[in-house]
Amino acid sequence: MRKFIVGSRRSGLAMTQSRQFIDSLKSHYPDMDIEIKEIVTKGDRIVDVQLSKVGGKGLFVKEIEQALADKEIDMAIHSLKDVPSSMPEGFTIACVPEREDMRDAFLANNKVHFKDLPAGSVVGTSSLRRGAQLLAMRDDIEVKWVRGNIDTRIKKMESGEYDAIVLAAAGLKRMGWSDNIVTEYFDPESFIPAIAQGALGIECRSDDKELIEMLQKVHSDVDATCTSAERAFLKRMDGSCQVPIGGYAAYEDGELYLTGLIMPEDGSEQYIVKKSHQDPDTLGNLVADEMERIGAKDIIDRINESL
């Protein structure tokens with residue numbers, strides 16, 4: 001069997017989730033020879049600016065995809081929420097492993113629940129989507145941007161720089177944090193997660209049939225279908241980290257549902273559309289059709305025109 005090279009971002013979370021995925025793959029192929037190549041992306045180098053201000057799509061994947069194109073690596077392990085909804089020609093997301101918790105986690109000093117925060121409390125997040133939803137629920141708090149890894153953000157909160165922060169539950173769990181650090185989890189039906197939050201996407205060259213076949217051992221059809229619906233909605237809406245957009249797909253009594261979210265940054269409006277269809281691409285477009293009909297797409301168009 002040939003040796004496989006995996007491309008991963010250098011961050012602690014990226015390396016941890018890459019090692020966890022490789023362990024899962026090697027449980028099916030114990031003799032597999034595989035190593036990780038660390039790659040620093042533009043998004044990793046920018047640590048002191050809100051990403052939505054410098055963004056563009058693919059901040060965390062472009063350098064990794066170039067290594068894939070140059071055949072320096074055989075596959076890339078991405079957080080699927082970082083992967084643009086349109087794939088470059090010659091590449092494919094060949095595998096979506098079982099999804100980790102897709103919810104947003106609220107952490108507060110002294111374990112004060114969000115509804116009980118005193119007026120004027122400062123809540124840290126790096127996400128326009130989270131910030132908009134927080135302000136829609138409580139217009140008497142201040143949302144302040146926070147960057148850095150999970151440990152850094154928690155230390156900033158504990159030092160008093162923030163009264164609370166919001167993080168992805170999946171990152172906390174992958175890094176070994178227990179539920180004890182979390183004050184409460186937001187319900188994904190009402191606090192809509194990012195598109196494909198909690199899911200990994202394993203990208204490789206479309207013509208690497210050997211690897212694509214091997215990856216099917218750790219592929220989740222259910223999670224691939226759900227994230228495909230979410231990404232179809234994102235693609236139609238021309239969304240990115242620079243606009244407050246979210247989406248959450250799940251099966252309910254055997255039916256596939258997608259809930260889509262679009263908001264302006266200040267949380268003053270909130271458009272939520274939920275629909276059902278068995279085909280994920282059709283479902284994503286059904287939600288997008290309704291968002292266009294009710295005028296929500298105009299919010300994204302205005303933001304994109306101003307960038």
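**Note on a predicted model**

1. Isoleucine 299 counts as buried, because its relative accessibility is 4% and buried means under 20%. The structure is a predicted model. Keep that in mind for every value below.

2. Where does isoleucine 299 sit? Its place is helix α11, which covers residues 297–306. Leaving aside residues up to four places away in sequence, isoleucine 299 touches Ile262, Met263, Pro264, Glu269 and Tyr271.

3. Valine 96 and isoleucine 299 are 203 residues apart in sequence. Their C-alpha atoms are separated by 31 Å.

4. Next, a sheet. It is open and has three strands, in the order β11-β12-β13. The pairing is antiparallel. Strands β11 (245–252) and β13 (271–276) are the edges, since each pairs on one side only. From one strand to the next, the twist averages 15°.

5. Look at one pairing in detail. β11 joins β12 (residues 255–262) through eight bridges, in the antiparallel sense. Tyrosine 248 stands opposite threonine 259 of β12.

6. Which residues of α1 are buried? They are Ala14, Met15, Thr16, Gln17, Ser18, Phe21, Ile22 and Leu25. As background, an α-helix has 3.6 residues a turn, so residues three or four places apart point the same way.

Technical notes:
Residues are numbered from 1 along each chain as its sequence is written. This is a predicted model: local features need pLDDT of at least 70, side-chain atom pairs count only at pLDDT 80 or more; totals for chains, interfaces and linings use all residues. Side-chain values use heavy atoms; hydrogens and water are left out. Helices (H or I, at least four residues) and strands (E, at least two) are DSSP runs, numbered from the N terminus. Buried means under 20% relative accessible area, exposed over 50%, partly exposed in between (1.4 Å probe, protein chains only). Contact means heavy atoms within 4.5 Å. Two strands pair if DSSP finds at least two bridges between them. Axes are lines fitted to C-alpha atoms, for helices over the stretch in contact, and angles run from 0 to 180 degrees between N-to-C directions.
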